[in-house]
Amino acid sequence: MERFVLFISEPGSDDIVDIHPSKPAAESALVDYVRARSAIIGLPAHPDDDRAVASYFQNSEAIYAIARVMPLAQPGNDQ
């Protein structure tokens, strides 16, 4: 079963590593993070999720990644 890892690193904050059951779930968690952080630091809210994420990370040292991870293959399993 595949999973998706959301990694967010932002100077001055602890890194965030969350595992999600699907890519849309990881993307949704990223949008939630961006919207919450934007509200805290007073950035304008973009109605479009993609623009909100792009705007938040555009001129920042913060980074994020969403990556698919797969379980390790068992010995004798040709996966």
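This is a guided tour of a predicted model, one selection at a time.

Residues are numbered from 1 along each chain as its sequence is written. Because the model is predicted, local features need pLDDT of at least 70 and side-chain atom pairs count only at pLDDT 80 or more, while totals for chains, interfaces and linings use all residues; side-chain values use heavy atoms, with hydrogens and water left out.

**The sheet**

Select the three strands, which form an open antiparallel sheet in the order E2-E1-E3. Strands (E, at least two residues) and helices (H or I, at least four) are DSSP runs numbered from the N terminus, and two strands pair if DSSP finds at least two bridges between them. Strands E2 (16–20) and E3 (63–69) are at the edges; each has a single partner strand, so one side of each is left without a neighbour in the sheet. From one strand to the next the twist averages 15°.

Go to E1, residues 3–9, which pairs with E3 in the antiparallel sense over seven bridges. Pick Arg-3: its bridge partner in E3 is Val-69. On the E2 side, E1 makes five bridges, also antiparallel. Pick Leu-6 here, whose bridge partner in E2 is Asp-18. Then follow the hairpin formed by E1 and E2, with six residues between them; Gly-12 in the turn has a positive phi of about 85°.

**Helix H1 on the sheet**

Select residues 23–41, helix H1, which lies across E1, E2 and E3 and runs at about 20° to E1. Axes are lines fitted to C-alpha atoms, for helices over the stretch in contact, and angles run from 0 to 180 degrees between N-to-C directions. Within H1, select Ala-29. Leaving aside residues up to four places away in sequence, Ala-29 touches Leu-6 and His-20 (contact means heavy atoms within 4.5 Å). A C-alpha to C-alpha distance from Ala-29 to Asp-49 gives 11 Å, for a separation of 20 residues in sequence.

**H1 against H2**

From H1, the residues include Leu-30, Val-34 and Ile-41, and from H2 they include Ala-52, Val-53 and Phe-57.

**An aromatic pair**

Finish on Tyr-33 and Tyr-56, an edge-to-face pair with 6.3 Å centre to centre and 85° between the planes. Rings of Phe, Tyr and Trp (its six-membered ring) pair if their centres lie within 6.5 Å; planes under 30 degrees apart count as stacked, over 60 as edge-to-face and the rest as tilted. Tyr-33 belongs to H1 and Tyr-56 to H2, so the pair ties together parts that are 23 residues apart in sequence.
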